[in-house]
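Work through the following exercises with the sequence and the structure side by side, and try each task before reading its solution.

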Amino acid sequence: MLDAVLTILQVTLGILLVVVPLLVCIAYLTLAERKVIAAAHRRRGPNVVGPFGLLQPFADGLKLLTKEIVIPSRANRVVFVLAPVVTFTLSLAAWAVIPVSEQLVLANINVGVLYLFAISSLAIYGIIMAGWASNSKYPFLGALRSAAQMVSYEVSIGFVIVTVVLCAGSLNLTEIVQAQERIWYVVPLLPMAVVFFISALAETNRAPFDLPEDEAALVAGYATEYSSMLFVMFFLGEYASMILMSAMGTILFLGGWLPVPGTEVLPVPGIVWFALKTAFLLFVFLWVRATLPRYRYDQLMRIGWKVFLPLTLAWVVLTSAVLVAFDWLPEGV
Amino acid sequence: MTAPDLFFWLCAAVLMMSSVFVVSARSLVHAVFFLILAFLNAAGLFILLGAEFLGMMMLIVYVGAVAVLFLFVVMTLDTGQPGGTLRARLPAALAAGAILLLELAFVAFAGGPTEVPEPLPGGVSNTRALGRLIYTDYAALFELAGAILLVAMIGAIVLAHRYRPGVRRQDPVRQFVRQQGESIRLEDPAVGAGVSEQGR
């Protein structure tokens, strides 16, 4: 019994060590987003609270926490409260398997990629539950859009992951990064990296695919009826999954914690490289949001099913053919 | 009692309870939610048994795809209460339950392998072992299963697809090649004459 308690305590400590820095990253991602978009608009962005506006996220958080939680009278109360909790929890749970450096990973499991894929496919539930429980038209439409969109883009993300796994010969994230020591997969698999990034935008409901919360047509989509703490959880969940997708892109295509080729002599720890690469991908997320107009829903579905799916499928066949033809299959398979 | 034992009992208890709720929940949507909870706990049990690949597949296929479509259908149909009372359905339900119970009892006491095979033959990871088996010894069966799924998919499309004349469709290629000259037409209609579609 004591053993079990000790194990659970140890795991809890590990989880806290991952979650707390992650929450700080999320807070500063919201600030970074406002700063990047401000720069794209040639404005200054938040600069009043603290030096360079650095305390702005905390001010925003405090403000939201002091608001009143409004639960619509016709809503299904239990599911309504559960929905943001599910979204937030899932977006944090995925971090258990992310290797931020060679040794630093909470759970180095054999099927890490599948775990990530499973968690990101579960993320739909928070949104569907929110849309259904609100018992109102706009949230429901937003939830349906979101579910259809996430199911569609998961298919192409799945095939992208298959190509990477084919090249690496392992489902373990640490081994996938180690397999990139010779060359980062972004070079041989560039089209797949692009497909992955665009699908990640759709999967996290970010601009230009933010149709589920389309403020012009659906008010705020699935989040319309939410306020205060419950809204904050949706908001944090969305940003956590953005960081997660960037981290996933870093691991699958940008060589994780490996240094940029040519700078191996510099005494930079792996975690810094990992953070820099993830931050770069996050910057592209924000850049895209500041630059591109929103897609039409039928265009979004067309790209997902009629362009990405055949392309990724063909690329899986091509990759395996090349690997077999040149005898480049990873060892131990 | 070790931590895995603790999690086994937790998963098993929640699995049983949510399975009961799946059939007893009054709202269909709630029933689907409990079904999802049951799937999650079944995946947890698989992982505790060392079958991590199966557990993840359970999550990705059943929870991530099948149950989402289920939920979709149930939510958009909005059927409310399923028709018929419990009393009317009881005989059929009991018969189905009895058959399942018999089968389970048969597997547990009479047939089936008495010893559980080792999950990790030869020290390779479970995913790798599964892949080797599926693509070598059982390749034909595996392909057959794929073919059956394909037939089911084509069948569903054939049943649901119908050609509807007179529907306006978007043709992306035409939209891309359209030039400014083709999209704007300036007209100078005579007073009271109006503009007709064909009048160019």
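**Exercise 1.** Find the helix that holds Y115(A), and decide whether Y115(A) is buried or exposed.

Solution. Y115(A) has its place in helix α4 of chain A, where helices (H or I, at least four residues) and strands (E, at least two) are DSSP runs numbered from the N terminus. This is a predicted model, in which local features need pLDDT of at least 70, side-chain atom pairs count only at pLDDT 80 or more, and totals for chains, interfaces and linings use all residues. Residues are numbered from 1 along each chain as its sequence is written, while chains are lettered from A and ligands numbered from 1 in the order in which they are written. Next, count neighbours: a residue is buried if 20 or more other C-beta atoms, placed from the backbone, lie within 10 Å of its own, exposed if 12 or fewer, and partly exposed in between. Y115(A) has 24 other C-beta atoms within 10 Å and is therefore buried.

**Exercise 2.** Which residues does Y115(A) contact, leaving aside its neighbours within four places in sequence?

Solution. With contact meaning C-beta atoms, placed from the backbone, within 7 Å, the partners are V97(A), I109(A) and, from chain B, M56(B).

**Exercise 3.** How many residues does each chain give to the contact between chains A and B, and which element gives the largest share on the side of chain A?

Solution. Chain A gives 22 residues and chain B 21. On the side of chain A that touches chain B, α4(A) provides the largest share, 6 residues.

**Exercise 4.** Why is α10(A) described as largely enclosed?

Solution. Of the 26 residues of α10(A), 22 are buried, so the rest of the structure largely encloses this helix. Just after α10(A), G255(A) takes a positive phi of about 75°.

Definitions and conventions:
Two residues are in contact if their C-beta atoms, placed from the backbone, lie within 7 Å.
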